[in-house]
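Subject: Structure for your files, with notes on its aromatic rings

Hello,

Here is the structure we spoke about. My notes follow below it.

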Amino acid sequence: AVVSTQSTGMVRKTSTLILKNLSDQTELETLLKTFKPFGSMSGIRIRSSKKDKSIILGFIEYKSNTESEHAFESIKKLKEPLVIDGELIEVDYALPQTNRRPRRFSATVNGISNEEVGSQELMSLLGCMKLDSRNDKVVAFYRNHDDLKKALDTEELKLNGKVISLEKTRFE
């Protein structure tokens, strides 16, 4: 097996191993048969990479970090490279998932056109950090919940004689 480590030489050990370079023909049953001898598993997944859909990844989740460490070390000691469905498989510890998106606080801006999105004066008036035009809507983004709440609580906003209003869109 090809066993990789992070560039620092340190390996962050988790209960999940990632399998890189899987064939698009590889099935869950194949992974189950291949990895069951290495330890007690609690889950198996196959999916394509988010960055490149042609890259197929497998995830073997063991019941504990100790189990995954044992499996990882056992795979490293194999005399033959780990080949599944004709592909040389690279095995590593999977990095823990992080929150995919930073928390955003936004409001839909009513009463202005998409062309006015670049206005610094409008951003100042709304107290937002960014304006964006999406699907024929203008959206204002705020740094935090308090800034958004303050903007939503403002009675009446006017810019060049136009009345502008805010409508809460989402809290993620």
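Are Phe-72 and Tyr-93 buried or exposed? Phe-72 and Tyr-93 are both buried (under 20% relative accessible area with a 1.4 Å probe, protein chains only; exposed is over 50%, partly exposed in between).

This is a predicted model, in which local features need pLDDT of at least 70, side-chain atom pairs count only at pLDDT 80 or more, and totals for chains, interfaces and linings use all residues. Residues are numbered from 1 along each chain as its sequence is written, and side-chain values use heavy atoms, with hydrogens and water left out.

Aromatic pairs

The structure holds two aromatic pairs (rings of Phe, Tyr and Trp, the last by its six-membered ring, with centres within 6.5 Å; planes under 30 degrees apart are stacked, over 60 edge-to-face, the rest tilted). Phe-35 and Phe-38 form a tilted pair, 6.1 Å centre to centre with 55° between the planes. Phe-35 is buried at 0% relative accessible area, and Phe-38 is buried at 12%. Phe-72 and Tyr-93 also form a tilted pair, at 4.4 Å and 35°. Phe-72 lies in helix α2 (residues 65-76) and Tyr-93 in strand β7 (residues 90-93), so this pair ties together parts 21 residues apart in sequence. Helices (H or I, at least four residues) and strands (E, at least two) are DSSP runs, numbered from the N terminus.

Charges over rings

The charged end of Arg-45 sits over the ring of Phe-59, 4.6 Å from its centre (NZ of Lys or CZ of Arg within 6 Å of the ring centre and within 35 degrees of the ring normal). Lys-130 has its charged end over the ring of Phe-141, 5.4 Å from the centre.

Regards
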